[in-house]
Amino acid sequence: MKQRFSRKVTAGDEINMSPLIDMVFILLIFFIVSTTFVEESGVTVDKPEAVSASQLEKKSIILAITSQGKVMYGGRDIGTAGVRGTVRRILRKTKMPVIIQADKTVPTELLVHVLDEVKMGGAERVSIATEVE
């Protein structure tokens with residue numbers, strides 16, 4: 001004859017999940033705070049090469065000028081007319097440099113016009129992105 005043993009579950013027999021949940025939230029907060037978000041222009045630009053190229057800050061406003069003459073910010077075509085307002089709006093929140101990624105086939109006149117609009121938007125530090133030789 002088989003005997004069956006049964007055990008009553010008491011309140012102290014369950015697993016306490018609170019410390020595990022707390023640890024997951026602490027890790028989540030750590031990764032959110034320590035993550036660096038890099039904003040890209042949204043288009044691929046064939047940049048000219050330069051020997052004197054150097055690394056720039058990761059937190060910056062990146063504008064791109066395509067080979068078709070479109071001025072892009074965040075994947076949207078803002079045109080030369082939208083450069084000044086876009087730069088001014090972003091610089092109101094926090095001061096950061098502006099990087100212009102111009103395709104190597106872009107006419108100098110267009111590049112200078114975009115550069116003027118960036119300066120009139122309030123940018124103090126403006127750089128032109130190049131490829132390292």
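## A sheet with helices lying across it

Five strands line up as an open sheet in the order E4-E3-E2-E5-E6, with mixed pairing. Strand E4 (76–77) and strand E6 (126–128) stand at the edges with a single partner strand each, so one side of each has no neighbour in the sheet. Keep in mind that this is a predicted model.

Let's look at strand E5. E2 and E5 pair in the parallel sense over five bridges, and one of the pairs puts Ile 65 together with Ala 102 in E5. Three bridges join strand E5 (residues 98–102) to E6, and these two also run parallel. There, Val 98 has Val 126 of E6 as its bridge partner, while Ile 99 stands opposite Ser 127 in E6. To get from E5 to E6 the chain passes through H3, and this β-α-β crossover is right-handed.

Is E5 buried or exposed? Five of its five residues are buried, so E5 is largely enclosed by the rest of the structure. In a regular strand, side chains alternate between the two faces of the sheet. You can follow that here: Val 98, Ile 100 and Ala 102 sit on one side, Ile 99 and Gln 101 on the other, and both faces are covered.

| Helix | Lies across | Angle |
|---|---|---|
| H2 | E2, E3 and E5 | about 165° to E2 |
| H3 | E2, E3, E5 and E6 | about 165° to E5 |

Which residues of H2 are buried? They are Val 83, Thr 86, Val 87, Ile 90 and Leu 91. Looking down the axis of H2, you'd find these buried residues within an arc of 120°, so they line one face of the helix.

Side chains of opposite charge can pair when their charged atoms come close. In this model the count is one salt bridge, and it is made by the side chains of Arg 84 and Glu 117, at 3.2 Å from N to O. Arg 84 belongs to helix H2 (residues 83–93) and Glu 117 to helix H3 (residues 108–120), so the pair ties together parts that are 33 residues apart in sequence.

Key. Residues numbered from 1 in each chain as written. Predicted model: local features only at pLDDT ≥ 70, side-chain atom pairs only at ≥ 80, totals over all residues. Heavy atoms only, no water. Salt bridge = Lys/Arg side-chain N within 4 Å of Asp/Glu carboxyl O. Helix = DSSP H or I, 4+ residues; strand = E, 2+ residues; numbered from the N terminus. Pairing = 2+ DSSP bridges. Contact = heavy atoms within 4.5 Å. Axes fitted to C-alpha atoms, helices over the stretch in contact; angles between N-to-C directions. Buried < 20%, exposed > 50% of the residue type's maximum accessible area, 1.4 Å probe, protein only. Arc of directions from axis to C-beta. Right-handed = clockwise from strand over helix to strand, strands pointing away.
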